[in-house]
Structures are given as structure tokens and as C-alpha cells.
Amino acid sequence: MFERFTKDARAVVLGAVEHAERGGADSVDDGHLLLALLDREASRGSFALAALGVAGRRAAIEEALSGARRRGGLSQADTDALAGLGIDVAAIVSRVEEAHGEGALADGGKPGAGKAGRGRLGRVPFSREGKDVLVKSLRVATARRDRRIGDEHILLALTVRPGFVAEVLADHGVTHASVDRALGAGAAAAAG
């Protein structure tokens, strides 16, 4: 599948690996893919993000991703639902971090969390979530009848995959429909 990726999509994948390695993560997840997309310039995905006004909100997006990771991957909707049942997620996270250190839930409480594991090529492997986004990007490209998988397909895949990354994007006005519109406007401008 990787051979179908454009140079921009490959740069996003490699950038996600770098984000995971710098953060000491055990694996590359969908949040790392989003951060790598935010790093891009002069690509279809970066154009869509810029058109949606995301460039100036990178810090807020990073903070929201970090908060969700600290909650063990629970989205804000999950946290709100649990609060409705009388469960205070913030208090639970605080207690776990008191006992096990800050960010103890960041990698889902897996043994060895925070110690970057290495895959076959000496790189951090992709998590199930990260792999799902890449597979979904292939499906998005196929549905759009595109022969290659670009960073815009990765962005669209991030918007439709359930979880905290899609929620963070939606909270910042980035949905499948808004990205699709931004990409359509870019294609229309290039054609006209």
C-alpha cells in the first residue's frame, strides 16, 4: 500500500513516526498522524487545514490531544458520559498519576509505557489506530476514484475514524464535510 502514497503522504507517515519517537511513545497512533499533518506545508492536506483556519490553533489541538492521552484515550464525550454516571475521570487520572507518575495512562496503561519499543526496522511500530487510519485513507482514495493516496486522504480518514482525534478535529471545525468542501474549493480554484 505504501507504494501508492504520494510524497506528501509519505512525509506525513515519517513525520508521525518522528513525533512518536520524540514523545517516547510505544507506537505511532492517529494523534501522531494528525501532528505530522499539521507540520506539512504546500500540500493538499495542509491547504485544507489552512482553509479551515486550523494553522493558528495548533497549540490548542496539541493540548486537546495531550489531555485525551492523559485520560487514557477517552474522548471528551466519553468523559462527559462517565460524569453523567457520577464518575469523575479527572479525579481518577489524578489518583493514577499520584501512584504511577504523570502520564501513566497516556499509552493506555500498557506495561512499559513511555519506553519506545522498536519494530523490525528500528522504528516505533504503528498502533492499531494508526494502521486503521492508513487503511481508511486507502478506502477514502478509492471511494474518490483517486489512484494515489495523498495527505488529504489521511486527513479525511482521521475525520471519520471514531475516537478522540476525530473529536478534537471536529471541535476545531475540521469534519469530513468541511475538509471535502475545502478540497473541492481548492480543486475548483486550480481548474479555473
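# Values against their cut-offs

Q: Why does histidine 153 count as buried?
A: Its relative accessibility is 1%, and buried means under 20% relative accessible area, exposed over 50%, and partly exposed in between (1.4 Å probe, protein chains only). Histidine 153 is therefore buried. The model is predicted, with local features needing pLDDT of at least 70 and side-chain atom pairs counting only at pLDDT 80 or more, while totals for chains, interfaces and linings use all residues. Residues are numbered from 1 along each chain as its sequence is written, and side-chain values use heavy atoms, with hydrogens and water left out.

Q: Where is histidine 153 placed, and what does histidine 153 touch?
A: Histidine 153 belongs to helix α8, residues 151-160; helices (H or I, at least four residues) and strands (E, at least two) are DSSP runs numbered from the N terminus. Residues up to four places away in sequence not counted, histidine 153 touches Ser137, Val140, Ala141, Arg144, Asp146 and Arg148, where contact means heavy atoms within 4.5 Å. A polar atom of the histidine 153 side chain also lies 2.7 Å from the backbone nitrogen of glycine 150.

Q: What makes glutamate 102 buried or exposed?
A: Glutamate 102 has a relative accessible area of 72%, so this residue is exposed. Glutamate 102 sits in the loop between α6 (89-100) and α7 (128-143). Apart from neighbours within four places in sequence, glutamate 102 contacts Arg70 and Glu97.

Q: How do you know that the span of α6 agrees with its twelve residues?
A: The expected span of a helix is 1.5 Å times one less than its number of residues. For α6 this gives 16 Å, and the end C-alpha atoms are 16 Å apart, so the two agree.

Q: What makes the pairing of glutamate 152 and arginine 44 a salt bridge?
A: A salt bridge is a side-chain nitrogen of Lys or Arg within 4 Å of a carboxyl oxygen of Asp or Glu. The side chains of glutamate 152 and arginine 44 meet at 3.2 Å, N to O, and form a salt bridge. This pair links distant parts of the chain, with glutamate 152 in helix α8 and arginine 44 in helix α3, 108 residues apart. Glutamate 152 counts as buried because its relative accessibility is 8%; arginine 44, at 37%, counts as partly exposed.

Q: Why is aspartate 132 called partly exposed?
A: Its relative accessible area is 32%, so aspartate 132 is partly exposed. Aspartate 132 forms a salt bridge with arginine 161, the closest N and O atoms being 3.4 Å apart. Aspartate 132 lies in helix α7 and arginine 161 in the loop between α8 and α9, 29 residues apart. Arginine 161 is buried because its relative accessible area is 12%. Asp30, Arg128, Glu129, Asp132 and Arg161 are linked in a network of salt bridges.

Q: How many salt bridges does the structure hold?
A: The structure holds 13 salt bridges. One of them joins arginine 144 and aspartate 146, with the closest N and O atoms 3.8 Å apart. Arginine 144 is partly exposed, with a relative accessible area of 30%, and aspartate 146, at 28%, counts as partly exposed.

Q: Which residues of the largest nonpolar core touch the most other members?
A: Among its 41 residues, Leu34, Leu65, Ile154 and Leu158 do. The elements giving two or more residues to this core are α1 (7-22), α2 (30-39), α3 (44-51), α4 (58-70), α7, α8, α9 (164-171) and α10 (176-191). A nonpolar core is a set of buried Ala, Val, Leu, Ile, Met, Phe, Trp, Tyr and Cys residues joined through side-chain atoms within 4.5 Å. Beyond neighbours within four places in sequence, isoleucine 154 contacts Phe5, Ala9, Val12, Leu37, Val133, Leu134 and Ser137.

Q: How many helices and strands are in the chain?
A: The chain has ten helices and zero strands. Of its 192 residues, 40% count as buried.

Key:
A polar contact is a pair of N or O atoms within 3.5 Å; within protein, one must be able to donate a hydrogen and the other to accept it, and residues adjacent in sequence count only if both atoms are side-chain atoms.
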